[in-house]
Amino acid sequence: KLYKMISIVDYCMGNLASIRSMLKHLGVESKIASDPQSIVQSQGFILPGVGAYDNGMRNLSERGLLESLNTAVMIEGKPVLGICLGMQLLTRSSEEGTLEGLGWIDASTLKFDFSNTENRLRVPHMGWNEIKPVKESRLLQDLPEDPRYYFVHSYHVVCDSKKDELTHTEYGFHFTSAVEKNNIYGVQFHPEKSHRFGMQLFKRFIEL
């Protein structure tokens, strides 16, 4: 049994139940963290997210979670995995809103724009797509061949440094579909909706 006290951060912006169910299947104890004390007691965090950027940052602030999360991740070095909107909140800012993001990754979040291309793809990018690792990472060890994940998003992350890019995905162009910087990880896709591929990724994160 993999025993870690992993917190799924609850700021009213994510599908907590499906993540917790997948962790339980892996034999991992997790808890829903919606207050600063819960953050302090945790060994690692999953920051899920569905919805708008500003709403996400506002909810984290109103619940008093920003200071405890910043301390846990940036000072104490506890691992965090941002999912979908949760990955975008790791950046400094987003074209979707006006509020500052967490700024844990030197990056910005931009809207998909195909207006100047011949192939005007639909936005949001929705459905199954492949990821291509661009550097080695313990998070991606032993993934099944041709890993595919479920995406639903209209915005994508652009890193200042290629060193922080973990995987790319093709949707009109190569965009960054996962990031890694020290103890900070983010995935644009939904591992909790991605069956065995998502299960393996969660397992690796827990083992970090």
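Colleague: Which residues does S68 touch, not counting residues up to four places away in sequence?

Modeller: Please bear in mind that this is a predicted model. Leaving out residues up to four places away in sequence, S68 touches P36 and I39. S68 itself lies in helix 4, which spans residues 66-75.

Colleague: Is S68 buried or exposed?

Modeller: S68 counts as buried because its relative accessibility is 12%, and the cut-off for buried is under 20%.

Colleague: How should I read a nonpolar core, and which residues have the most contacts inside the largest one?

Modeller: In soluble globular proteins, nonpolar side chains tend to be buried together. Here the largest nonpolar core comprises 32 residues, and L23, I46, L81, I83, Y149, L201 and F202 have the most contacts inside it. Among the elements giving two or more residues to this core are helix 1 (16-25), strand 4 (80-83) and helix 6 (195-207). Helix 6 supplies the largest share, five residues. A second, separate core has 27 residues, including L65, L69, L85 and L102.

Colleague: What does I46 touch beyond its sequence neighbours?

Modeller: Not counting residues up to four places away in sequence, the contacts of I46 include I8, L23, L81, I83 and F202.

Colleague: How many disulfides are found in the whole structure?

Modeller: A disulfide is a covalent bond between the sulfur atoms of two cysteines. The search of the whole structure finds zero.

Methods
Residues numbered from 1 in each chain as written. Predicted model: local features only at pLDDT ≥ 70, side-chain atom pairs only at ≥ 80, totals over all residues. Heavy atoms only, no water. Core = buried A, V, L, I, M, F, W, Y, C linked by side-chain atoms within 4.5 Å. Buried < 20%, exposed > 50% of the residue type's maximum accessible area, 1.4 Å probe, protein only. Helix = DSSP H or I, 4+ residues; strand = E, 2+ residues; numbered from the N terminus. Contact = heavy atoms within 4.5 Å. Disulfide = S-S within 2.5 Å.
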